[in-house]
Amino acid sequence: MTTTVLVPDEYGAAELARLADVRAVRYDPAAPLADQLPGDELRQVDVLVPPLQGGDRADLLAALPNLRLVQLLTAGYEAWEGLVPEAVALSTGRGAHGGSTAEWVLATLLALQRDLPAFVRAQDRGEWDYHLTGTLIGARVLVIGAGDVAQQIVRRLEPFGTHTVMVGRTARDGVRAMAELPDLVPEQDVVVLAVPLTEQTRGLADAGFLARMRDGAVLVNVARGPVVDTDALLAELRTHRLRAALDVTDPEPLPADHPLWHAPGLLITPHVGGSVTGAFRRAYAIAAEQIEQFIKGRDPENLVRDR
């Protein structure tokens with residue numbers, strides 16, 4: 001039996017067509033529904049692959065009456081929650097971008113701890129600005145999240161002599177429980193947010209959470225912008241009590257006149273944690289694995305179960 005997979009680009013169509021019994025059909029994710037495939041073609045679609053970058057297409061979902069799986073190329077799936085019917089499986093691209101995202105966390109932490117932004121500004125002024133900086137050696141780092149991204153972060157931090165603690169929804173071997181956060185947060189030099197955006201994590205880093213962070217600590221958000229209360233973070237940054245690195249913001253993209261751009265002690269990048277050479281190839285390699293498992297009658301390893 002042939003499985004029809006709707007794919008948003010030529011590269012993905014070619015890669016997925018390599019799978020046995022898969023018919024990969026290209027569609028244009030930017031085109032109106034009326035300009036997509038004919039209705040009889042849409043009725044044959046078993047699997048939908050949304051684009052790596054782009055919003056949801058509720059209209060396209062509604063036009064696929066026999067859809068059985070939505071396979072994402074990203075680890076985040078919040079845009080599709082509530083849109084994908086319960087009868088349709090939802091699987092993520094977890095494992096494709098964890099390494100590069102962890103690399104971003106390490107890069108920004110080193111930049112902040114070694115005060116590289118200040119040295120770059122001094123270089124622009126032609127000024128020899130000698131001063132002591134912080135270090136990751138011996139730093140206590142709390143990673144909130146226990147998935148692929150969080151695990152990759154911990155793996156890269158430990159060789160720098162950090163003391164890392166990972167927190168998940170429930171306690172297990174090597175993972176502390178979210179319920180312990182009030183006691184854990186005040187002990188940390190660095191807090192890294194690497195959780196999916198859910199109703200439970202939205203606004204997790206609110207004014208109370210930030211107030212519990214120790215003076216001089218660094219908040220790193222590589223999750224989603226709404227995990228952090230922007231106004232509360234801005235208030236803390238303006239007192240120079242905390243520092244932060246954000247790859248995601250709320251709102252996003254960040255408007256040019258937003259005060260976060262000029263907040264002291266803040267390093268902002270435009271959601272580029274996974275935007276590296278080879279990301280596309282790795283995303284489709286994961287997607288191919290998940291689709292192959294699904295075709296063989298198994299639950300994809302990256303199946304989203306809490307919907």
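M213 is found in the loop between α8 (207-212) and β10 (218-221). Helices (H or I, at least four residues) and strands (E, at least two) are DSSP runs, numbered from the N terminus. This is a predicted model, in which local features need pLDDT of at least 70, side-chain atom pairs count only at pLDDT 80 or more, and totals for chains, interfaces and linings use all residues. Residues are numbered from 1 along each chain as its sequence is written, and side-chain values use heavy atoms, with hydrogens and water left out.

**M213 and its surroundings**
- M213 is buried, at a relative accessible area of 2%. Buried means under 20% relative accessible area, exposed over 50%, and partly exposed in between (1.4 Å probe, protein chains only).
- Beyond its neighbours within four places in sequence, M213 is in contact with V185, V191, V218, L219, R241 and L242. Contact means heavy atoms within 4.5 Å.
- M213 and P182 are 31 residues apart along the chain, and their C-alpha atoms are separated by 9.6 Å.

**Overall build**
- The protein has ten helices and twelve strands.
- The C-alpha trace spans about 65 × 45 × 35 Å along its principal axes.
- Of the 307 residues, 49% are buried.
- Take the contacts between residues at least 6 apart in sequence: 56% of them join residues at least 24 apart.

**Surface and charge**
- The accessible surface comes to about 15100 Å², and 52% of it belongs to carbon and sulfur atoms. These areas come from the Shrake-Rupley method with a 1.4 Å probe; for residues, only the protein chains shown count as cover.
- There are 29 positive and 41 negative side chains. Lys and Arg count as positive and Asp and Glu as negative, while His and the chain ends are not counted.
- The centres of the two charge sets lie 4 Å apart. Each charge is placed at NZ of Lys, CZ of Arg, CG of Asp or CD of Glu.

**Five-strand sheet**
- Five strands form an open sheet with parallel pairing, in the order β2-β1-β3-β4-β5. Two strands pair if DSSP finds at least two bridges between them.
- β2 (22-26) and β5 (89-91) stand at the edges with a single partner strand each, so one side of each has no neighbour in the sheet.
- Strand β3 (residues 47-48) runs parallel to strand β4 (residues 69-71), joined by two bridges. V47 has L69 in β4 as its bridge partner.

**Seven-strand sheet**
- Seven strands form an open sheet, also with parallel pairing. Their order is β8-β7-β6-β9-β10-β11-β12.
- β8 (176-177) and β12 (266-268) are the edge strands, each pairing on one side only.
- Strand β6 (residues 140-144) is largely enclosed by the rest of the structure, because four of its five residues are buried.
- Five bridges link β6 to the parallel strand β7 (residues 163-168). V143 stands opposite M166 in β7.
- Strand β11 (residues 243-246) and β12 run parallel, with three bridges between them. A245 stands opposite L267 in β12.

**P117 and L267**
- P117 sits in helix α5 (residues 116-125).
- Its relative accessibility is 22%, so P117 counts as partly exposed.
- P117 and L267 are 150 residues apart in sequence, yet 8.1 Å apart in space, C-alpha to C-alpha.
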